[in-house]
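This report covers a pocket, a charged side chain and an aromatic pair. Please view the structure first.

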Amino acid sequence: MSAADYKHILRIAGKDIEGSKKVIVALSKVKGIGYNFAHVLLQSLNINLNSRVGFLTDRELADIEMAIRDPSKSRMPEWYWNRRKDMDTGSHKHLITSDLDFMVSNDIDREKTIMSWRGYRHMFGLRVRGQCTRTTGRKGGAVGVKKTGKPMPSSVSTTPSKGTGSGGAALTGEVASSTRPAPEAENANTTPKK
């Protein structure tokens with residue numbers, strides 16, 4: 001293909017794609033088509049994976065579009081499709097772009113209406129697939145430990161001064177440091193052992 005036939009921007013499956021990208025990378029930009037799916041699709045159509053999108057012929061682009069819309073016609077294996085055994089029809093499908101978004105939102109709404117465990121998790125905005133949520137997945141306001149701090153020291157000092165001894169109060173009116181009762185009082189409160 002000559003440089004005159006080069007297309008700078010192409011539209012594949014409703015997505016604008018630059019012509020300078022490789023075909024396999026360009027197809028994986030479409031929602032619902034991953035890198036592996038694009039690889040198998042291009043192999044089934046006998047298109048070079050490393051060729052640039054801008055150099056594809058109109059016939060190759062039409063084949064790619066048709067294969068994306070209906071992968072069964074291009075001999076794609078069913079296990080690559082993203083909607084196998086559909087809940088409504090029971091058939092195998094491959095959905096892309098807005099169809100995929102619509103079907104996922106319908107699935108979530110169905111889970112919510114039947115009040116399944118997954119539906120509850122979706123309703124409350126929690127992780128659905130069994131992840132640990134103790135430390136990750138937190139949403140909303142700041143979560144942390146409330147700092148209570150140590151109690152403020154009282155204005156009256158409870159330390160004895162140097163000249164008063166162990167049990168007496170200081171001359172300046174300070175409170176004695178020992179708040180325990182005298183040993184005689186402790187013995188008086190306890191009952192004697194027999």
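## Largest pocket

Val104, Asp107, Ile108, Arg110, Glu111, Arg118, His122, Val128, Arg129 and Gln131 line the largest pocket. Its volume is about 170 Å³. Helices α4 (97-113) and α5 each give two or more residues to this lining. The most come from α4, with 5 residues.

A pocket is an open set of points on a 1 Å grid over the protein atoms alone, where a 1.4 Å probe fits, with protein on both sides within 12 Å along at least five of seven lines; lining residues have an atom within 4 Å of a point. Helices are DSSP runs (H or I, at least four residues).

## Basis

The model is predicted: local features need pLDDT of at least 70, side-chain atom pairs count only at pLDDT 80 or more, and totals for chains, interfaces and linings use all residues. Residues are numbered from 1 along each chain as its sequence is written, and side-chain values use heavy atoms, without hydrogens and water.

## Arg121

Arg121 sits in helix α5 (residues 117-123). It is buried (under 20% relative accessible area, 1.4 Å probe, protein chains only), yet has no salt bridge. A salt bridge needs a side-chain nitrogen of Lys or Arg within 4 Å of a carboxyl oxygen of Asp or Glu. Glu111, the nearest side chain of opposite charge, is 11 Å away.

Beyond neighbours within four places in sequence, Arg121 is in contact with Leu126, Arg127, Val128 and Thr133. Contact means heavy atoms within 4.5 Å.

## Aromatic pair

The whole structure holds 1 aromatic pair. The ring centres of Trp79 and Tyr80 are 6.4 Å apart and their planes lie at 35°, so the pair is tilted. Rings of Phe, Tyr and Trp (its six-membered ring) pair if their centres lie within 6.5 Å; planes under 30 degrees apart count as stacked, over 60 as edge-to-face and the rest as tilted.

Trp79 counts as exposed at 63% relative accessibility, and exposed means over 50%. Tyr80, at 30%, counts as partly exposed, the range between buried and exposed.

Definitions and conventions. Lys, Arg positive; Asp, Glu negative; His and termini not counted. Points joined across faces, edges and corners; volume = space filled by probe spheres on them.
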